[in-house]
Amino acid sequence: MFSEINEKKWLLDQKRPFPVHTLRSIHEHMIVNWTYHSNAIEGNTLTLSETKVALEGITIGGKTIKEHLEVINHKEAILYVEEIVRRQEPFTESQIKNIHRLILKSIQDEHAGTYRKENVIISGATHIPPDFVLVSDCMEQLIHSYENWQTHAHAVERSALLHIEFVKIHPFIDGNGRTARLLLNFELMKNGYPPIVIEKEDRAEYYSTLYLAHTTGDAAPFIALITRTLVKTFDWYLRLV
């Protein structure tokens, strides 16, 4: 499943170091694109161009303060993930809470970076997340599972499994989807892969394959979606550099 990924990663690695200005423009595009699509999946109504403008500090008329904050916060969360990847820090619950704290900063400060203290259901899904009293234990187990995946699972599979299991626990009141996609890319970036953007046009497949993994344990379709998206991302990078 990952042979094409491995080949494209090798091809891209041969082109390193990338031209400075090309790398800067790729990074700027990535932040806008990732922020727009991740927020749009969750219902944010800012367009791609409006997201870019909001990231430049300009207020869009007719849009809520919350939608502007979601854009600004998401960029800060991306920069934080890049920093912990750069520092090669080990994966911890504290990092997850820090990412989530940035996502909900000034939106729901009382819940930012704090595991939920009540039960929730996931809209449109049949899977019911664990009781809130079990969340802390489930998250501790997720870290142990993640460490075990390091020994036998491909990096792309690990990133997908991390996303699947995190959302299955649904540890926070809000912001779980955005946090999950940041964690997915954390694992990819940590292993030398470019971050991927799950586009809002793929929202139906994204949710259906995710919920299939939660209800049947079959993660293959979700992993296939992540793999296909990564192949597309590699092709885009290879054209640019």
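Which element supplies the largest share of the lining of the largest pocket? The legends below take up this point and then turn to other close-up views of what is a predicted model.

**View 1. The largest pocket and the elements that line it.** It is α2 that gives the largest share of the lining of the largest pocket, with five residues coming from this helix. The lining comprises 18 residues in total, and those that lie nearest the centre of the pocket are Arg-16, Leu-23, Glu-82, Met-189 and Pro-195. At least two lining residues are supplied by each of α2 (20–41) and α4 (65–86), and the volume of the pocket comes to about 550 Å³.

**View 2. The largest cavity and its lining residues.** When the whole structure is searched, one cavity of 30 Å³ or more is found, and the volume of the largest cavity is about 60 Å³. Its lining is made up of Trp-34, His-37, Ser-38, Arg-181, Leu-184, Asn-185, Ile-196, Val-197 and Ile-198. Two or more of these lining residues are given by α2 and likewise by α8 (176–190).

**View 3. Arg-116, a buried residue without a salt bridge.** Arg-116 sits in the loop that runs between α5 (93–104) and α6 (135–152). Although Arg-116 is buried, it forms no salt bridge, and the nearest side chain of opposite charge, that of Asp-131, is 6.5 Å away, whereas a salt bridge would require a side-chain nitrogen of Lys or Arg within 4 Å of a carboxyl oxygen of Asp or Glu. With neighbours within four places in sequence left aside, the residues in contact with Arg-116 are Pro-129, Pro-130, Asp-131, Phe-132 and Val-135, together with Ile-169, His-170, Pro-171, Phe-172 and Ile-173.

View 4. Not counting residues up to four places away in sequence, Gln-95 touches Tyr-80, Ile-84, Glu-89, Pro-90 and Phe-186. The view may also take in Val-81, which is 14 residues from Gln-95 in sequence and 8.7 Å from it in space, C-alpha to C-alpha.

Notes
Residues are numbered from 1 along each chain as its sequence is written. This is a predicted model: local features need pLDDT of at least 70, side-chain atom pairs count only at pLDDT 80 or more; totals for chains, interfaces and linings use all residues. Side-chain values use heavy atoms; hydrogens and water are left out. Helices (H or I, at least four residues) and strands (E, at least two) are DSSP runs, numbered from the N terminus. Buried means under 20% relative accessible area, exposed over 50%, partly exposed in between (1.4 Å probe, protein chains only). Lys and Arg count as positive and Asp and Glu as negative; His and the chain ends are not counted. Contact means heavy atoms within 4.5 Å. On a 1 Å grid over the protein atoms alone, a cavity is a set of points where a 1.4 Å probe fits but cannot get out, and a pocket is an open set with protein on both sides within 12 Å along at least five of seven lines; lining residues have an atom within 4 Å of a point. Grid points are joined across faces, edges and corners, and a volume is the space filled by probe spheres set on the points.
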